[in-house]
Amino acid sequence: MKSTEVYRIINKIIFPELKSAGFKKTKSGMLGFYKQLKDHYLVVWFQCAQGGFDAYAGSKFAFEVQISKTNDIGAPSVFRERIPFFLTVDDLAKVLEFENKVKGKLRLPPNTHYIFGIDENIQRWYKKKF
């Protein structure tokens, strides 16, 4: 699954709610939204991992929030944080529990998978995803 498809799915889920709260879409390769707040902008966006989606190991994405003078993703800002900043210790524990459940369902690819024919360091890095 390419990042554009991940963005399409996320957009379908969250944009209606953000739009009703006054947000507009950013113009970027990443999926982002902004809302003007007097002389600043509240900008939120998703960034898919550069490695793309792996059929066995899945993928990752980040969610960031910024307050800046422009509505550009990643612009110099007066505030910029990723989602863990906003979570309580209990929230983070629930996220970790959920993440571990998902990871527990992942299965290593078969021995014929290309990853097992390349450098052992890369294989170790890949296996850490499980």
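Colleague: Is lysine 2 buried or exposed?

Modeller: Lysine 2 is exposed, because its relative accessible area is 65% and the cut-off for exposed is over 50%. Keep in mind that this is a predicted model.

Colleague: Where does lysine 2 sit?

Modeller: Lysine 2 is in the segment before α1.

Colleague: And how far is lysine 2 from isoleucine 14?

Modeller: Their C-alpha atoms are separated by 19 Å, and the two residues are 12 apart along the chain.

Colleague: What happens in α1 at isoleucine 14?

Modeller: There's a kink of about 45° at isoleucine 14, and it lies shortly before proline 16.

Colleague: How does the span of α1 compare with what its 18 residues should give?

Modeller: At 1.5 Å a residue, α1 should span 26 Å, and its end C-alpha atoms are 25 Å apart, so the two agree.

Colleague: Which residues of α1 are buried?

Modeller: Those are Val6, Tyr7, Ile10, Asn11, Phe15 and Leu18. The cover over these buried residues includes β1 (24-25), β2 (31-37), β3 (40-48) and β4.

Colleague: What follows α1?

Modeller: Glycine 22 does, with a positive phi near 95°.

Colleague: Which residue has a positive phi although it is not a glycine?

Modeller: Lysine 38 has one, at about 55°. For background, most residues other than glycine have a negative phi.

Colleague: Where is lysine 38, then?

Modeller: You'll find lysine 38 in the loop between β2 and β3. Lysine 38 counts as exposed because its relative accessibility is 78%.

Colleague: What about histidine 40: buried or exposed?

Modeller: Histidine 40 counts as buried, since its relative accessibility is 17% and buried means under 20%. Histidine 40 belongs to strand β3.

Colleague: What is histidine 40 in contact with?

Modeller: Leaving aside neighbours within four places in sequence, histidine 40 is in contact with Lys35, Ile67, Ser68, Lys69 and Val78.

Colleague: And how far apart are histidine 40 and lysine 24?

Modeller: They are 14 Å apart in space, C-alpha to C-alpha, and 16 residues apart in sequence.

Colleague: How does the lining of the largest pocket split by class?

Modeller: The lining has 23 nonpolar, 4 polar and 7 charged residues.

Colleague: Back to phenylalanine 61. Where is that residue?

Modeller: Phenylalanine 61 is in strand β4. Phenylalanine 61 counts as partly exposed, because its relative accessibility is 48%.

Colleague: Which residues does phenylalanine 61 touch?

Modeller: Not counting residues up to four places away in sequence, phenylalanine 61 touches Ile10, Phe46, Gln47, Cys48 and Ala49. Ile10 is also one of the buried residues of α1.

Note on methods
Residues numbered from 1 in each chain as written. Predicted model: local features only at pLDDT ≥ 70, side-chain atom pairs only at ≥ 80, totals over all residues. Heavy atoms only, no water. Nonpolar A, V, L, I, M, F, W, Y, C, P; charged D, E, K, R; others polar. Helix = DSSP H or I, 4+ residues; strand = E, 2+ residues; numbered from the N terminus. Expected span 1.5 Å × (residues − 1). Bend = angle between axes of the 7 residues up to and from the residue. Buried < 20%, exposed > 50% of the residue type's maximum accessible area, 1.4 Å probe, protein only. Contact = heavy atoms within 4.5 Å.
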